[in-house]
Amino acid sequence: QVQLVESGGGLVQAGDSLRLSCAPSGRSFSKYAVGWFRQAPGKTRAFVAAISWPGTGTTYADSVNGRFTISKDFAKNTVYLQMNSLKAEDTAVYYCAATVGSDSHYDLRRVTDSEYDYWGQGTQVTVSS
């Protein structure tokens, strides 16, 4: 069982930036593909971004492409989601998810909940307009 710990959420104004962090408790993240999802009030959980297990490939939802960046720091055993130019519609609970990676190209097609085995507890991001 892998426990994921997220941090970095908060209340910001439109146009500001935030960086979310996701780290596994007690194990290495090195072989895991990681995704970020978000759930806004009254909506289903939606894909935001994913990174392949070696950290060489990334993919993004159209709504965040060009504003958000997912990255993997092997030395710190952490995956980050850098969120720039935040908008009110980015307000949501953000979840980190992970699964043992396979082919790097396949990892970039992990854009649905069912592709991931482990989930964090979520961190709230609120963007005021």
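1. Start with Phe68. Its bridge partner in E8 is Met83. The model is predicted. E7 and E8 run antiparallel, and six bridges join them.

2. These two strands belong to an open sheet. Four strands make it up, in the order E1-E3-E8-E7, with antiparallel pairing. E7 and strand E1 (4-7) stand at the edges; each has a single partner strand, so one side of each lacks a neighbour in the sheet. On average, neighbouring strands here are turned by 15 degrees against each other, direction ignored.

3. Now the core. The largest nonpolar core holds 35 residues. Met83 is among those with the most contacts inside it, along with Trp36, Leu81 and Tyr94. Elements giving two or more residues to this core include strand E3 (18-24), strand E7 (68-73) and strand E8 (78-83). Strand E4 (32-39) and strand E9 (92-100) are also among them.

4. What does Met83 touch, leaving aside its neighbours within four places in sequence? Its contacts are Asp16, Ser17, Leu18, Leu20, Arg67, Phe68, Tyr94 and Val125.

5. Look next at Asn84, in the loop between E8 and E9.

6. Not counting residues up to four places away in sequence, Asn84 touches Asp16, Ser17, Arg67 and Phe68. With Ser17 there is a polar contact, side chain to side chain, at 2.9 Å.

7. One distance for orientation. Asn84 and Val34 lie 50 residues apart in sequence. In space they are 20 Å apart, C-alpha to C-alpha.

Technical notes: Residues are numbered from 1 along each chain as its sequence is written. This is a predicted model: local features need pLDDT of at least 70, side-chain atom pairs count only at pLDDT 80 or more; totals for chains, interfaces and linings use all residues. Side-chain values use heavy atoms; hydrogens and water are left out. A nonpolar core is a set of buried Ala, Val, Leu, Ile, Met, Phe, Trp, Tyr and Cys residues joined through side-chain atoms within 4.5 Å. Buried means under 20% relative accessible area, exposed over 50%, partly exposed in between (1.4 Å probe, protein chains only). Contact means heavy atoms within 4.5 Å. A polar contact is a pair of N or O atoms within 3.5 Å; within protein, one must be able to donate a hydrogen and the other to accept it, and residues adjacent in sequence count only if both atoms are side-chain atoms. Two strands pair if DSSP finds at least two bridges between them. Axes are lines fitted to C-alpha atoms, for helices over the stretch in contact, and angles run from 0 to 180 degrees between N-to-C directions.
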